[in-house]
Amino acid sequence: MTGPLAGIRVLDLGTRIGAPFAATLLADFGAEVIKVELPGQGDFLRTIGPFEGGYSLFWAVEGRSKKSITLDLRKPAGQALLKRLVSHADAVVEHFQPGTLESWGLGYDVLSAINPAVVLTRVSVYGQTGPYRDRPGLDRNGIALGGLLYITGYPDRPPVRPGLIVSDYLTAVFNAFAIVTALYERDRRAHGAGAAPRGQCVELSLYESILRIMEHTLAAYDRLGVVREREGNRLRNSAPLDNWATKDGKYVCIIAAGDGLFPRLARAMGREDLLREPRFGTMARRAEHGDELNGIVAAWCRERTAREIQDVLEAHEVPFGVAYSVADIFTDPHVAARGDIVSVDDPVVGAVRQQGVYPRFSETPGDVPRGAPRLGEHNEEIYQGLLGLSPGELEALRSDGVI
């Protein structure tokens, strides 16, 4: 492997997204990620559609760049094998119900006794402590307790979930950041003290990842008593602002509420007369008359195609965005020019175009060296090559259902 994280070995025990996607991010930048999967069943992501010929395209994206081994951690022999693997690992990621690792005799105290330098990150919906610790849950439970669900949607309608599993993916990003930070601290401290490196345990929860990105919401409640509510696509302190329908059935968002931007929009629309209206003279006044002003912009958009709107707004330097479908993304020249979509050679279905490596490093860019592995594809490489098991020992483990 090449990349800035080459030489780092991660054991991915995760399910869902919060741990596995963190490992995928690290693998994209050169870490060796060993995916530990249940024999005969595999990772949960293998079972999620859409499917091509029974093969999960979800797995094709999020399983990429990893190595797959099978191991039943519920069996004592499986637990013994994991302990041997931990002695060769820099980090372990897990996404089980709290207490699961401990019930298998694989808690952090055990793993760190085997390898004091190992970093363990633990992902759950509600965290490893607290009264909700043992509640089952998924992504939507995280966005609910974190506060995002309540403020998403329109004031006169029920809350709406975001279009993606945001708390899972966001937690995974925090998780990858946590692993790199913990490894840096481990090595920095060891180098400075001239002592053996020591890892640590890092805890993450889906709801706290959402809570951390809630902008001013908590501070405004604390200091002003303001309960943030759903506002749809508009904001009560800004206008014009919305997602407007175009003549050709698309939607365009225009951000021109500020005192510097609104004159540009007015000129782009050929409505300089709006600049002479006292009720539209400041951002605060425009917000007071938001319904009227948004209606004017809505009517202007309905008479033009998305492309026509794009061209005139770009010429007048007005911030805008067309709401892209995935089909639009595939044909966009900017996306193509930046190489955002890459073709990954999947061992099951062949070339699959998907998201490329992100973020972009100038000196040590990441790469996708391989597609998502077949279940247990790397058993021999890891168990024989890394742990030194014999072919006979491997076959006995298969016969016992351990791998």
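## E229 and Y150

The side chain of E229 makes a polar contact with the side chain of Y150 at 2.7 Å; a polar contact is a pair of N or O atoms within 3.5 Å, where within protein one must be able to donate a hydrogen and the other to accept it, and residues adjacent in sequence count only if both atoms are side-chain atoms. This is a predicted model, in which local features need pLDDT of at least 70, side-chain atom pairs count only at pLDDT 80 or more, and totals for chains, interfaces and linings use all residues. Residues are numbered from 1 along each chain as its sequence is written, and side-chain values use heavy atoms, with hydrogens and water left out.

E229 lies in the loop between α9 (217-224) and β9 (241-245); helices (H or I, at least four residues) and strands (E, at least two) are DSSP runs, numbered from the N terminus. Not counting residues up to four places away in sequence, E229 touches Y150, I151 and R236, where contact means heavy atoms within 4.5 Å. E229 counts as partly exposed because its relative accessibility is 30%; buried means under 20% relative accessible area, exposed over 50%, and partly exposed in between (1.4 Å probe, protein chains only).

## N115

N115 sits in the loop between α5 (108-114) and β7. With 10% relative accessibility, N115 counts as buried. The side chain of N115 reaches the backbone oxygen of A89 at 2.8 Å. Leaving aside neighbours within four places in sequence, N115 is in contact with V86, S87 and A89.

## Nonpolar cores

A nonpolar core is a set of buried Ala, Val, Leu, Ile, Met, Phe, Trp, Tyr and Cys residues joined through side-chain atoms within 4.5 Å. The largest has 35 residues, and V10, L26 and A31 have the most contacts inside it. Elements that give two or more residues to this core include α1 (20-28), β7 (119-124) and α7 (166-193). A second, separate core of 28 residues includes I34, L71, L85 and I403.

V10 touches L26, A31, E32, V33, I34, A91 and V93, not counting residues up to four places away in sequence.

## Lining of the largest pocket

α7 gives the largest share of the lining of the largest pocket, seven residues. A pocket is found on a 1 Å grid over the protein atoms alone, as an open set of points where a 1.4 Å probe fits, with protein on both sides within 12 Å along at least five of seven lines; lining residues have an atom within 4 Å of a point.
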